[in-house]
Amino acid sequence: MTRLSIAALALLAALASTFQAAPAHGQAATVRELIAEYAAAYGAPVALLDRIARCESSYGTHWRTNHPSNPHRGIFQWERASWAEVAPQIGVSGDFDEAYAVPSNVAVAAYSVAIGRAWRWRACW
């Protein structure tokens with residue numbers, strides 16, 4: 001069962017190459033634009049998503065922690081179990097490596113916040 005709309009998939013595909021090719025110095029602005037797009041798509045507050053991304057990774061797309069029992073990945077510092085639970089709900093792969101894909105990381109976070117799961121990042125608000 002896929003909840004990711006065709007328009008969101010098209011946006012994801014169109015933006016994927018843009019974000020992968022974005023220079024480091026412009027990365028935050030690009031990620032912020034993507035946050036705004038997915039916040040609008042899922043009805044999540046842009047300001048909250050922006051605050052979480054800044055808190056968790058300073059908009060760093062490949063940030064990770066290597067804690068052996070609880071690693072975190074990407075802009076929103078997803079935990080393996082949380083990613084596997086939420087990502088498939090919108091048609092994104094639950095494979096933890098997908099958390100490094102910027103559009104996927106942001107889309108899953110926007111969806112999670114929109115359905116009332118901002119508590120995952122309560123240390124950031």
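The model is predicted: local features need pLDDT of at least 70, side-chain atom pairs count only at pLDDT 80 or more, and totals for chains, interfaces and linings use all residues. Residues are numbered from 1 along each chain as its sequence is written, and side-chain values use heavy atoms, with hydrogens and water left out.

## The disulfide

A disulfide is a covalent bond between the sulfur atoms of two cysteines. Here it is called when two cysteine sulfur atoms lie within 2.5 Å. The count is 1 disulfide. Cys55 is joined to Cys124, with 2.2 Å from S to S. The link of Cys55 and Cys124 is left-handed, at -70° about the S-S bond. Cys55 sits in helix α3 (residues 46-57) and Cys124 in the segment after α5 (102-114), so the pair ties together parts 69 residues apart in sequence. Helices (H or I, at least four residues) and strands (E, at least two) are DSSP runs, numbered from the N terminus.

Are the two cysteines buried or exposed? Buried means under 20% relative accessible area, exposed means over 50%, and partly exposed is in between (1.4 Å probe, protein chains only). Cys55 is partly exposed at 44%. Cys124 is buried at 9%.

## Helix α3

Helix α3 has 12 residues. The expected span of a helix is 1.5 Å times one less than its number of residues. For α3 that gives 16 Å, and its end C-alpha atoms are 16 Å apart, which agrees. Buried residues in α3 include Leu48, Leu49 and Ile52. Ser58 follows α3 and has a positive phi, near 55°.

## The aromatic rings

Rings of Phe, Tyr and Trp (its six-membered ring) pair if their centres lie within 6.5 Å; planes under 30 degrees apart are stacked, over 60 edge-to-face, and the rest tilted. The count is 5 aromatic pairs. Two of them share Trp121.

| Pair | Centre to centre | Plane angle | Type |
|---|---|---|---|
| Phe76 and Trp121 | 5.9 Å | 65° | edge-to-face |
| Trp78 and Trp121 | 5.2 Å | 85° | edge-to-face |

Phe76 lies in the loop between β2 (72-73) and β3 (78-79), and Trp121 in the segment after α5, so their pair ties together parts 45 residues apart in sequence. Trp78 is in strand β3, 43 residues from Trp121.

How accessible are these rings' residues? Phe76 is buried at 0% relative accessibility. Trp78 is buried at 1%. Trp121 is buried at 3%. Ring pairs also bring in Trp83: Phe76, Trp78, Trp83 and Trp121 are linked into a cluster.
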